[in-house]
Amino acid sequence: MRPRHRKHPILALLAVVLALTASPVAAGEPVQASSTATVSYYTASRNWSAHYLHYAPDGGAWTTVPGVRMAEACPGWVQRTVDLGTASGLQATFNNGAGTWDNNNGANYRLGTGDITVRDGVVSTGDPCADYVPDTEPPTTPGGLTVRVEGTGVVLGWEPATDDVGVTGYRITRTGGSRGDRTADTGSTVWSEQGLEERTAYAYQVTARDAAGNLSAPSAAVTVTTGDAPPAAEPGEPLGTDPRQDPIYFVLTARFFDGDSANNRGGSQHERSGNANYDDPMFRGDFKGLIERLDYIKALGFSAVWITPVVLNRSDYDYHGYHGWDFYQVDPRLESTGATYQDLINAAHAMGMKIYQDVVYNHSSRWGANGLYTPTVYGVQDEQWDWYYDTPEAGRAYDPLDEDENGRPYNGDLWSTGEPAGNGCPNWGTPTGGRSPEGYTLYNCQWPAPTNSLFPADTYHRCWIGNWEGEDSRSCWLHEDLADLNTENARVQQHLIGAYNRFIDMGVDGFRLDTAVHIPRVMWTRHFLPAMYDRVEERFGAERAENFFVFGEVAAFVNDKWNRGSVNHSAQFFTWQPRRDYSPDDATAVLEEYTEEQAIGPAGQPTTDNAFLRGNSYHAPDRDRFSGMNIIDMRMHMNFGDAPNAFHNGRDSDDSTNDATFNVVYVDSHDYGPNKSGNRYAGGTDAWAENMSLMWTFRGIPTLYYGSEIEFQAGQRIDCGPSCPLATTGRAYYGDHVAGELTVTDFGEVAEASGPVAETLRQPLVRHVQRLNQIRREIPALQMGQYSTEGVSGDMAFKRRYTDQATGVDSFALVTVSGGATFTGVPNGTYVDAVTGDTRQVTAGTLSVPAPGKGNLRVYVLDLGGPNTAPGRIGEAGPYLR
């Protein structure tokens, strides 16, 4: 803390003399003295790292946002003295310089002259620091430094320092290596970092800090030389089983479980978002945490994990993974020593669990794609934007673990103040007249956009989407942070194929295709999908290629079968091969297919019975025209406001989907709840139980978004970007609910648990989903079977069968969810309910089932003897299945 300064009386008199000399007044005209205000602002109730006074003297103009910075004056207070000229007061607001404001609830503060205090919205006179004697005594120097090397990681420890008031933290300074020096702050006496250079000497010093900002002398340096990086994990190979056998648990990796705090990063929006108030950096969870909690996911009964994109991201708020920048590198904020992405894949496979990787072919971030095209110039840098970007440094490239002096990711390789040679962006560097969310002046060409020529037309499209059901939706930008790749360009195609081949080589079990609807179908079937399957077959053989699971997000947010009549924008359309060959020129081919299919319309699209029984018989599906892309069941998702709606709407689309038994079915996700709600599903526990009972027994692959098993963040807004804290959203950190000890014996079976995870595992929906997974795992008809409602009465009732002549499997089941049902024309024989163990003899082809109750169900399995003997009751009675 700096000591408080007052103007010296002689200096003040000299200033008046100079002012009178510079501005003479007419004889007889009274001299008006200049007035000042010394504004004190209370900081203890705000978690801001900086404080700015933004003001306008009466009758004068406002300062440029964010205003003038205030200085610490005494504990809990900052001050700034401002010259008001002849004004008798001022309007004022306060902010943290990063978009968070105190503007007196929109009314602004009205302040007078002299000493003014503002505390928690109350204005008064006086100087709260008048009697303050500054703390100028620094803490003692930390001693006893110890350092331990773990490969390319370092763990540093020291003895606590002392202070006459109190030590509030420590600053670590590291020197050595080729990446530059680094400083970091911590509140503890232990600090670690990972991913240093191999066999490299580093020196560390520690200084102590007190509440007044006094720093101790730096400690004696301790030196260390790193060892070798741990050997890279051997590449794995996909498990290669039918994906319909594996229910999916979907996690945002950065928000699930924090295994290594050294790779946590808050980014440039840490304070503005409010995350700082919760000590909740956006990048918090990581692969180490996910590896440590695979046992929890297995305890729920899931055997596949869908994770968000893993490639190196770049944006102001990129924890989710959808702002890819380097598609050939795993984001280091997710990895740790001994917990790389390869380690995660291998750990999952060792537990019999699959990894489905979210991949993005449609767009990069607005920073471009490293190795393909990256903008190197941005618009005018003025004092408002100093906090946001750094000055370029030769040889220093973007690394999200490399921080500038403000603790933000270093971005200096991008910023430019001069107009580039050959610039094609009009009005370079002139104000647009608009303001950023922080209130800063915006300049033309400040950010790359599709219409300002900062991206080349060969690798990026150059338009905004205007019609979401129009041709432009497959060739224009979704959002300013999602630069739309020109996927008709051969260089772009090869860049993406090469990138994702690397992950196939690591042994991932499948890809979830983000924003699949925004790439023309013919580009998927001509380039990207064949490349995936060919690579898997080349590396791991035809059987694993057959079961490499690819499912696309074709986001049709309407309740009709065909998306407002547009086949090119409907999910089931993407499951089929094009009906003919188009021009060898990709740019021409995409327009040919679009125009032709729009003209043909819904009535001319192919139909199939691949998902349906013929009577009571299973038949081999005809997959000859399968595109290679399965789909997320958007129709059911949109209608999961209640389970019957989802069931009936889902059935309605199945004859136009190549094989709906492969549909990925979920209630809500990281983007939307049912009916395009922006909130996480909040229908209540009974409704959740009913939804789950339907998903786990109807055709398709049940998928659960992390935390839904305890109704985590129910009703909360799913995403609000950096405008609100993540802790208040559907993307909140989940780790506090799964911490503790856990021993799992099999899928859905727990031997021991303690700590918070034990309480989580006692929740009613957890017990419900565990048993559903146990039941589904034992009955092949519920995993891979076709279905029919022929001869079935009841609202959510159906029969399912799966037959495999090669293995001798024949599984037939009658299912009713919540309500009663009667099944007629079914095979005679002995049926055993997997929920209750009830046994029925059918002699006349009819079986009637009374209503089990909301969320409950009955699954009567035909006992065919031998390997197809009915399993009887599976699992123990719970809150819903009883």
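Mentor: Start with the record: an unreviewed UniProt entry annotates a domain, Fibronectin type-III, over residues 138-229. Keep in mind that the model we are looking at is predicted.

Trainee: What percentage of residues 138-229 is strand?

Mentor: The end C-alpha atoms of residues 138-229 lie 39 Å apart. Helix makes up 0% of the span. The strand share is 51%.

Trainee: Which residue ranges make up domain 3 in the domain assignment?

Mentor: The assignment gives five entries, among them domain 2 (143-225) and domain 4 (376-447). The C-alpha centres of domain 3 and domain 4 lie 34 Å apart. Domain 3 is written in pieces: 243-366 + 475-618 + 626-775.

Trainee: Which strands are the edge strands of the open sheet of 6 strands?

Mentor: The strands run in the order β36-β38-β39-β44-β41-β42, with antiparallel pairing. An edge strand pairs on one side only, and here the two are β36 (786-788) and β42 (839-842).

Trainee: Inside that sheet, what is the bridge partner of Thr803 in β39?

Mentor: Strands of a sheet pair through backbone hydrogen bonds. Strand β38 (residues 797-804) pairs with strand β39 (residues 809-817) in the antiparallel sense, over 8 bridges. In β39, the partner of Thr803 is Asp810.

Trainee: How many residues apart in sequence are the parts tied together by Cys74 and Cys129?

Mentor: The structure holds 4 disulfides, and one of them joins Cys74 and Cys129, with the sulfur atoms 1.9 Å apart. Cys74 lies in strand β4 (residues 71-74), whereas Cys129 lies in the loop between β10 (122-125) and β11 (143-150), so the pair ties together parts whose separation in sequence is 55 residues.

Trainee: Is the Cys74 and Cys129 disulfide left-handed or right-handed, and why?

Mentor: Both cysteines, Cys74 and Cys129, are buried. The torsion about their S-S bond is about -65°, so the disulfide is left-handed.

Trainee: Is Cys463 buried or partly exposed?

Mentor: Cys463 is joined to Cys476 by a disulfide, S to S 1.9 Å. Cys476 has 3% relative accessibility and so counts as buried. The cut-off for buried is under 20%. Cys463 has 23%, so Cys463 counts as partly exposed.

Trainee: What is the pairing of the bonded cysteines in sequence order?

Mentor: Cys720 and Cys724 are another bonded pair, S to S 1.7 Å. Both of these residues are buried. With the bonded cysteines of the protein numbered in sequence order, the pairing is 1-2, 3-4, 5-6, 7-8.

Trainee: Turning to charged side chains, which helix holds Asp505, the salt-bridge partner of Arg535?

Mentor: Side chains of opposite charge can pair when their charged atoms come close. Arg535 and Asp505 meet at 2.7 Å, N to O. Arg535 lies in helix α7 (residues 521-540), so the pair ties together parts 30 residues apart in sequence, the other part being helix α6.

Trainee: What is the relative accessible area of Asp654, which meets Arg699 in a salt bridge?

Mentor: The side chains of Arg699 and Asp654 meet at 2.8 Å, N to O. The pair links distant parts of the chain, 45 residues apart. Arg699 is buried, with a relative accessible area of 1%. Asp654 is buried too, and its value is 1%.

Trainee: Which residues are linked with Asp316 in a network of salt bridges?

Mentor: The structure holds 46 salt bridges. In this network, Asp316 is linked with Arg366, Glu480 and Asp481.

Notes. Residues numbered from 1 in each chain as written. Predicted model: local features only at pLDDT ≥ 70, side-chain atom pairs only at ≥ 80, totals over all residues. Heavy atoms only, no water. Pairing = 2+ DSSP bridges. Helix = DSSP H or I, 4+ residues; strand = E, 2+ residues; numbered from the N terminus. Disulfide = S-S within 2.5 Å. Buried < 20%, exposed > 50% of the residue type's maximum accessible area, 1.4 Å probe, protein only. UniProt positions renumbered as here; feature names shortened; annotations may be inferred. Domains from an automatic or database assignment. Salt bridge = Lys/Arg side-chain N within 4 Å of Asp/Glu carboxyl O.
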